[in-house]
Amino acid sequence: MDINLLLAYIGVALIIGLSGIGSAYGVTIAGNAAIGALKKDNSKFGNFLVLTALPGTQGLYGFAGYFMFQNIFGVLTPDITSIQAAAVLGAGLAMGLVGLLSATRQGQVCANGIAAIGQGHDVFGNTLILAVFPELYAIVALAGVFLIGSAIA
Amino acid sequence: MVTKMKKLTFLVYYKEYEQFLHELRELGVVHVVENKLNQAQSDQLESLYTQWKQLTEAKKILEKYRDKKNPLPENPATIDKGYRLPQEIEKIQAEITTLMQQLQISKKEREALIPWENFDPENILRLEKAGYYVRFFVVPNRDYNPEWEDLYNAVVIDNRNSKTYFITITKEENIEQQLNLEAVKMPGVSLEELNRIIDELDAKLQENKEKLIRLTADLPSLNAALKELDSEIRYTRVQISANSVADNKIMLLQGWVPEPNEQDIRTYMDAKNVYYVIEDPQPEDDVPIQFNNKKFAKLFEPITEMYMLPKYNELDLTPFFAPFYMIFFGLSLGDIGYGLFLFCVATAVKLAKKNALSMTLKSVLTLVQVLGTSTVVCGLLTGGFFGFNIYEINIPFFQNMKNHVYFDNNQMFVLSLILGVVQIMFGMFLKIINRTKQFGFKHALSTVGWFIFLLSFIIAYLLPSVMPMLGMAHQAILASSAVLFLFFNSPGKNLFLNFGLGLYDIYNMATGLLGDVLSYVRLFALGLSGGILANVFNSLATGMSPKDSIIGPVVTVLIFLCGHAINIFMNTLGAVVHPMRLTFVEFYKNAEFSGGGKKYNPFKK
């Protein structure tokens with residue numbers, strides 16, 4: 001069923017595309033802040049690097065989601081059923097949107113932390129913890145993708 | 001756990017105060033309570049801080065200029081020299097800045113002169129005296145009119161970037177108006193001269209930079225001065241912390257001393273004939289915190305400090321979250337190979353720099369070793385090894401192990417939730433102890449109720465033969481525990497208020513607990529996504545490399561190394577941060593940790 005496979009691949013496009021875009025935005029927001037903060041305190045590059053890397057994970061979750069459908073559940077074949085295709089599309093939408101928005105928002109939390117550290121406030125640990133809050137939902141989305149996948153495989 | 005502290009109060013005669021402080025600093029065990037500063041005092045400190053800033057600034061500059069690979073032999077450290085260094089460096093830096101500005105101006109002038117090539121400005125002046133005016137012009141090529149050559153004796157000097165550079169030699173002075181062009185102003189030096197000036201400036205600049213490089217040999221002096229200043233600042237802060245009483249004749253100073261050191265203080269004070277009182281802390285005191293955890297839990301103290309120190313009368317949760325943190329890290333990273341890698345790196349650093357390591361770094365490395373080992377053990381559950389699965393290898397040993405320890409994805413999912421339930425229940429149990437310790441058992445009753453309530457469900461679910469789910473026995477337990485959390489949640493208040501608060505408590509528990517337990521799903525998802533990415537890098541390494549007998553393997557190895565390096569970095573970061581959140585948010589919340597203690601920081605040199 002070609003149309004089923006088409007639907008499934010639209011899901012794949014969403015899951016990889018949206019969460020990748022989100023991570024790209026997130027790390028850029030944090031990275032821009034880091035470059036600004038380096039002007040004030042260039043000895044904290046290690047801290048900035050770690051905080052900038054945090055929003056990078058959503059893109060990886062999106063990719064992991066695609067990979068599960070491809071290899072673990074193995075549903076992306078020409079004889080995919082319409083239910084499986086709908087599941088892939090739905091999972092892609094969920095993971096993609098959550099990844100996109102949580103990564104950009106997480107980037108903003110990290111950027112604020114970076115700016116504060118640059119101004120001499122020692123908030124590295126606090127920022128780490130707070131920045132992980134938005135990430136939970138991307139993780140939950142990935143767990144959701146896993147559950148959707150195991151339900152239809 | 002937290003060391004017991006004793007509260008110290010001294011009364012010292014003002015003439016002996018300085019002497020007393022110096023000796024107290026030598027003892028180095030008393031945490032002095034520092035007062036809020038008044039204006040005069042903060043001004044006094046301000047000048048010290050300014051000096052401190054200058055010194056650190058100077059240190060930064062020197063470290064920038066230091067040749068890290070083969071540094072200059074260090075000069076012996078003298079504090080005086082260290083204090084003088086900032087001015088010296090500032091002078092050189094100011095000179096460098098002026099030189100740089102001059103250099104920039106000269107380079108711009110040279111840029112402007114290059115098309116005209118080398119000529120002596122003196123000659124132009126001489127021509128002017130003889131009545132011939134030389135003017136320099138630059139026009140776009142299409143605006144250049146060859147007729148000018150006859151009219152004004154124009155001579156084209158150069159032609160670059162679609163611009164024509166030409167001069168006119170005329171007897172009239174105001175040639176610009178006739179041509180309707182603006183003449184270019186020439187610097188009063190020739191190109192040759194300018195080149196010489198630039199070389200000279202470069203040489204001077206280099207000389208000044210070398211001066212700075214030579215100064216890097218005095219870094220030890222600078223460090224010594226910084227250390228001296230640090231202790232001076234500390235001393236001043238303590239010195240102005242005393243309250244003067246009895247017409248400024250007697251200084252009153254308060255401090256804290258760890259109980260094990262109490263005897264030292266007593267012996268010293270008795271010998272000195274100082275009036276002092278040692279007493280136990282009162283509940284309202286802000287007691288400084290010193291950890292005294294033993295070996296394993298001690299490793300996790302830096303993690304506790306990242307969040308907040310416990311209050312003095314509160315339970316220190318470090319030893320209780322340590323084993324959980326270790327397991328959570330292992331599950332989140334979840335790859336035998338990565339665990340081995342972390343372990344080996346930490347061990348290698350430890351062996352290579354045996355003596356040069358500070359105590360803190362050493363314990364961090366030990367922590368990495370512990371976490372690495374945990375990752376190896378947790379990795380055995382899923383069998384991931386650098387993205388390959390060891391349980392897919394057809395060797396009896398691995399197949400045998402698979403039968404015993406292998407967890408599939410669904411089982412891992414459930415395992416992480418179970419760990420969540422275990423940690424949250426444990427947290428609640430600690431809350432009971434914590435409340436009992438702080439306010440008495442009466443205040444812990446509602447938590448006891450909740451604990452029994454939840455535990456009874458777990459027991460009924462796991463062992464239906466002992467206690468059937470919602471059977472008579474179970475119902476009795478539920479009812480009695482409900483009485484506890486509905487009517488005993490705030491002792492001393494009236495019954496209806498208690499009941500209302502109890503209902504609110506139920507709402508909080510129902511929404512909170514569900515979210516808390518689900519939060520532990522991250523352990524599963526992190527491990528899964530890390531494993532998948534590692535696997536993908538392996539496929540890329542074998543699949544993307546060109547079919548060439550020499551380049552092929554090289555590309556494979558490169559992709560493998562880079563891919564796993566990125567993956568290790570990202571996953572280790574996640575495996576550090578996510579269990580931290582589980583500890584500080586889910587576990588601390590259920591254990592009712594409030595925190596906010598100050599670190600014990602003894603007054604010493």
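Chain B of this predicted model has a mean pLDDT of 86, and 100% of its residues reach 70 or more. Looking at the complex, the predictor gives an ipTM of 0.74 and a pTM of 0.77. Here's a quick tour of the confidence, the domains, the contact between the chains and the nonpolar cores.

**Confidence along chain B**
- Among the elements of chain B, helix α12 (residues 318-333) gets the highest mean pLDDT, at 94.
- At the other end of that scale sits strand β6 (residues 243-245) of chain B, with the lowest mean pLDDT, 76.

**Domains of chain B**
- Some of the domains come in two pieces: domain 1 is 1-35 + 241-285, and domain 2 is 43-101 + 195-229.
- Domain 3 covers 119-189, while domain 4 runs over 295-590.

**Where chain B meets chain A**
- Between the chains, 23 residues of chain B are in contact with 20 residues of chain A.
- On the chain B side, the elements giving two or more residues are α11 (301-307), α16 (409-439), α20 (521-544) and α21 (551-590).
- Helix α20(B) provides the largest share of that side, with 10 residues.
- Sorted by class, the chain B side has 15 nonpolar, 6 polar and 2 charged residues.

**Nonpolar cores**
- The largest nonpolar core has 99 residues, and A:A30, A:A64, A:V88, A:M95, A:I114 and A:L142 are the ones with the most contacts inside it.
- Helix α4 (residues 82-118) of chain A supplies the largest share of this core, 15 residues.
- Take A:A64 as an example: leaving aside its neighbours within four places in sequence, A:A64 is in contact with A:L142, and also with B:L528, B:S529, B:I532 and B:L533.
- A second, separate core has 21 residues, including B:F10, B:V29, B:V32 and B:V238.

**A closer look at A:L49**
- You'll find A:L49 in helix α2 (residues 45-53) of chain A.
- A:L49 counts as partly exposed because it has 14 C-beta neighbours inside 10 Å, and "partly exposed" is the class between 12 or fewer (exposed) and 20 or more (buried).
- A:L49 and A:Y137 are 88 residues apart along the chain, and their C-alpha atoms are separated by 23 Å.

Key
Residues are numbered from 1 along each chain as its sequence is written. Chains are lettered from A and ligands numbered from 1 in the order in which they are written. This is a predicted model: local features need pLDDT of at least 70, side-chain atom pairs count only at pLDDT 80 or more; totals for chains, interfaces and linings use all residues. Domain bounds come from an automatic or database domain assignment. Two residues are in contact if their C-beta atoms, placed from the backbone, lie within 7 Å. Helices (H or I, at least four residues) and strands (E, at least two) are DSSP runs, numbered from the N terminus. Ala, Val, Leu, Ile, Met, Phe, Trp, Tyr, Cys and Pro count as nonpolar, Asp, Glu, Lys and Arg as charged, and the others, Gly among them, as polar. A nonpolar core is a set of buried Ala, Val, Leu, Ile, Met, Phe, Trp, Tyr and Cys residues joined through C-beta atoms within 7 Å. pLDDT is the predictor's confidence in each residue, from 0 to 100.
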